[in-house]
Amino acid sequence: MIVAQTTIRRARRLPVPGEITAFVGQRVEPPDIIGRASLPGEYRVLPVARLLGVPDEHLTEVCLYRAGESVKEGDVLARQPGPLRPRAVHAPADGVIVALSEGCLILEVAPRVVEVRAGMRGTVVGILEGGLAAAGLGQGVMIELTGALIQGVWGSGQGAYGLLRIVAGPDRLLQPEDIDVSCHGVILVAGTSLSEAALRQAQQMQVRGLILGSLPADLCEAVIDLPFPVMAVEGMGHRPMATATFELLKTHDGREATLIADMPGRWQPGRPEVIIPIPVVDAQPAAVPWAKGKVIGEQPAPPLALEPGARVRALRAPYAGAIGTVKKLYDRPRPLPTGSRLPGAEVDFGHATPGAAASETAFIPYANLERVE
Amino acid sequence: MTDELSPISILAVDCGSVYTHAVLLDVVDGVYRMVARATAPTTAEPPVLNLAEGVRRAIMHIQTIIARPLLDEHGRLIVGGRHVTTGVDVCVLTASVADPLRLILAGLVEEFDLASARQAALTTYTRIEEVISLNDGRDMGGRIELLANRQADAVLVVGGTEGGANGAVQRLVKAALLAAQCRSGRIGPRPSPGLAEASSLPPTLLYAGNSALHAQLHDLINGHVPLVVTDNIRPRLDVERLQPLQSQLEALYEARQLAYVPGFDHISAWSTQPALPTARAFGRIVQFLSARQGGSRVLGVDVGSVATVVAFGDGGRLDLRVRADVGVGHSAARLLEAVSPADVARWLPFPLDPAEVHNFAWNKALYPATVPQEAREVALEQALAREAIRITLEGGGWETQDGGQSSLVRRPSSVIAAGSTLARAPRPGQTVLALLDAVQPVGIVRLLADVNGLMPALGAVGLIQPIAVVQVLEKGGLLSLGTAIVPSGRGVPGEPGLRLRLRHPAGGPLEVEVPYGELEVVPLPAGEEVPVALELASGLGLEGLEHGQVMVTGGAVGLIVDLRGRPLHLPDDPEACAAQAQAWLARVGG
């Protein structure tokens, strides 16, 4: 989805049940805390009987605590007095003893408190009761704002907010020399892909995020380990960003943006995305004809049947990433250059196809199209 | 003729990760036929998040074809009641749309009970997350810690022969129980179906070890975790009993994974019997065909978006292998964790940087439902499919003959391709070449394709109406691609390897000489069965060759003579390798 200006609603949720501190009507800034929760700690199993050289059945005799009791890191959990050298087992971390069995002491490490921030500038319009946190449906708040929205196809995880800076167009790779000290704390935008050296330079300059046209797949693992989020708008490889997408980002060069690079699970809605809030005073009638003023909720609506005039993005070569307008629908299968026959749509890509010299129209199977608005 | 009381019209629905297939079988002129089929995109994932929606779309398409209402005003399938003008008599369901079952295996010895457990796990959609064994270097604490901290859907405990010692297995059970009890404090109420969130459920303890522990198990577990007890997978060191555990794993896949797919509960209510995992249904048809064709060997390969299934039927006995982490859509990127991009690139008819293969696989995984628009991308998808089949076959632990030198699975009398990438390739020659490259069979091999996506449907139908399976297959349910003649042994490249003579139905006598190292195609239309006289060069042999003659059946491609040698040798130079692949593709009309 790529929309120049709209009302956006986004949920910010706690990873596990906790406490929501924001309230309906509250205006929030990106760093504001909207709630906090305690993430359960992992289990540590200490083979106490073996460590102290006693039979398993003597475990309770040497343990100084019982199941359900809390301990602090360093506390002596069990002791075996001896004539020469008494031995002891110490708590490796704060936590609660959950079981003493089979010669082992099982410690649940104390939970870690996490604070969830608003991550964007807007107004809290609802408190979300929450269902299953693991299904992405935990407690949280709904934040509403007016802004531009650009969704990508891959994200490295994490989120960030900061000023956007265009550092390379769709016509060339991002190079290390494009990233200087002035990029510190900034979300960089590069219209196509980048080299490994550029990635290292970005890390060195402590950028706050990266928005790319695409990313070489063999860099994905390294990117996931970076301390900042990275989003690829078009996919993997060296696919340039669609002109319309890049132009939209360019109009917001220097503005504050929120980058959410989380990859939802297979059963979870949503996509990695960048949200650029537009102050109400600046809000103008849409600068591009296909921008609509509708509210974009957290969960995208089911795909509508395409109709002539719909704005679509092609997903496969030779038009991968290109944005165009549906001219005509063909529900009866039509031949493809491969020899297959499939239903699809005739799409006018105008001059949006990267490198296209003239307006271009092509038949694209429905399976290879997605709506962008 | 069909029995008066048996179901007449049968709707079979197969829900894959990308496509949902619906097939309507009905009695026409006294025999079962496929009267309509339809395919719709599967809608279990966002944004629709409702499996039923895609199933309804497929059924609505069938309604249009047969001009008979199948859905009521609420969008529910009309089942039963023998309505003359509406609905169907029976609906059966197969599915592979869910995530695989995540397993932790715990057993005693890698080579015995754990090897058997792995084999059983390979027969349905599972992913082994971790293995605990007596000699893995972990102590009791280490095992409990692993089990407590690792997310899994089930812990499978095996070990101990019948009548043998059971202390070590008992300790494994206790470790699993302790870990489960630790986690139970965190586990909330069971989520309602439709949330697709089975990961919050406590792992099921699945026990297939020494039966002496059965009575104690229930006391030990005491309702703390879901417990399933089945027969000992290794009752004696020299006896392996996989089937009971296989059935339990399939049942668990349905109960823990499929049941939580959004909308699955609606669809399963229409089905007259529990949903069958697609791999099992596919395997049943392979098994059926192998039993029916006079004790022949039938190999079925189904390359899907998430998983790859290889089913081998040998005279009615089935061997099934499922790689739930290897596919050409959702799992395309994961496939490249098992094979290298260069392994994939070697099958392409054009040179390509392995990094581009990596990019392609990732893009396909990001958009698994998309279809290739260019020949280049068709070739890339089929190259991924070749590797998916190859590693599923290689990791199979198949039965061998000749003292373990030759795997029977490489000597099938028929090979059947299933899954969109292979079975519905734009050109039949592409399917033929992909099968020959990936399976590398030897002998006289009939090649077929499940172009209608019928096999899982028929596998489920066979449980309630076996005659329907026979009659639909007899009416050409599978597309014949032709027959491949693949001698074993070694010849001299470029020298004559095989001379064949046949009376071609279109043009009289025909004699063809094929040099060793080459691939040759003789067009022979579907439905034609002709005797072919063969003369093999020294060093080459052919199983099934009697008095220098074999019977071959025609198909969409025809008679294929594959003298490229086994195993296939591909040039090391990428340019030469691509030229070679291009030449072979041109030979088969791809």
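Reply: A:Glu115 is partly exposed, with a relative accessible area of 39%; the term covers values between buried, under 20%, and exposed, over 50%, with a 1.4 Å probe and protein chains only. The model is a predicted one, in which local features need pLDDT of at least 70 and side-chain atom pairs pLDDT 80 or more, while totals for chains, interfaces and linings use all residues, and side-chain values rest on heavy atoms, without hydrogens and water. Residues are numbered from 1 along each chain as its sequence is written, with chains lettered from A and ligands numbered from 1 in the order in which they are written.

The side chain of A:Glu115 meets that of A:Arg117 in a salt bridge, at 3.9 Å from N to O; such a bridge needs a side-chain nitrogen of Lys or Arg within 4 Å of a carboxyl oxygen of Asp or Glu. A:Arg117 is likewise partly exposed, and its relative accessible area is 39%. Over all chains, a search of the whole structure finds 54 salt bridges.

B:Asp72 forms a salt bridge with B:Arg76, and the closest N and O atoms are 3.2 Å apart. B:Arg76 is partly exposed at a relative accessible area of 43%. Another salt bridge joins the side chains of B:Glu129 and B:Arg150, at 3.2 Å from N to O. This pair links distant parts of the chain, 21 residues apart: B:Glu129 belongs to strand β6 (residues 126-132) of chain B, and B:Arg150 to the loop between α3 (140-149) and β7 (154-157). Helices (H or I, at least four residues) and strands (E, at least two) are DSSP runs numbered from the N terminus. B:Arg150 has 30% relative accessibility and counts as partly exposed. Both residues also belong to a network of salt bridges that links B:Arg127, B:Glu129, B:Glu130, B:Asp136, B:Arg138 and B:Arg150.

Charged side chains also meet across the two chains. Between chain A and chain B the count is six salt bridges. In one of these, A:Arg266 and B:Asp99 come together at 2.9 Å, N to O. The elements giving two or more residues to the side of chain A that touches chain B are β5 (43-46), β9 (95-101), β10 (104-109), β18 (230-236) and β25 of chain A. In total, 59 residues of chain A are in contact with 54 residues of chain B, contact being heavy atoms within 4.5 Å. The two chains bury about 4500 Å² between them, and carbon and sulfur atoms give 59% of this area. In chain A, the residues that lose the most area to chain B are A:Arg266, A:Trp267 and A:Arg316, which together make up 21% of what that side buries. Buried area here is the accessible area (1.4 Å probe) lost when two parts are put together, summed over both.

The aromatic side chains come next. Over all chains there are four aromatic pairs, with ring centres of Phe, Tyr or Trp (its six-membered ring) within 6.5 Å, and with planes stacked under 30 degrees, edge-to-face over 60 and tilted otherwise. A:Tyr330 and A:Phe363 make an edge-to-face pair, 5.9 Å from centre to centre and with 80 degrees between the planes. A:Tyr330 lies in strand β23 (residues 323-335) and A:Phe363 in strand β25 (residues 360-365), both of chain A, so the pair ties together parts that are 33 residues apart in sequence. A:Tyr330 counts as buried at 17% relative accessibility, and A:Phe363 counts as buried at 15%.

A:Arg334 lies over the face of A:Tyr330, 4.1 Å from the ring centre; the rule asks for NZ of Lys or CZ of Arg within 6 Å of the centre and within 35 degrees of the ring normal. In chain B, the charged end of B:Arg564 sits over the ring of B:Trp584, at 4.4 Å from its centre.

B:Asp319, in strand β13 (residues 317-323) of chain B, is buried with a relative accessible area of 15%. Leaving aside residues up to four places away in sequence, B:Asp319 touches B:Val310, B:Ala311, B:Phe312 and B:Trp398.
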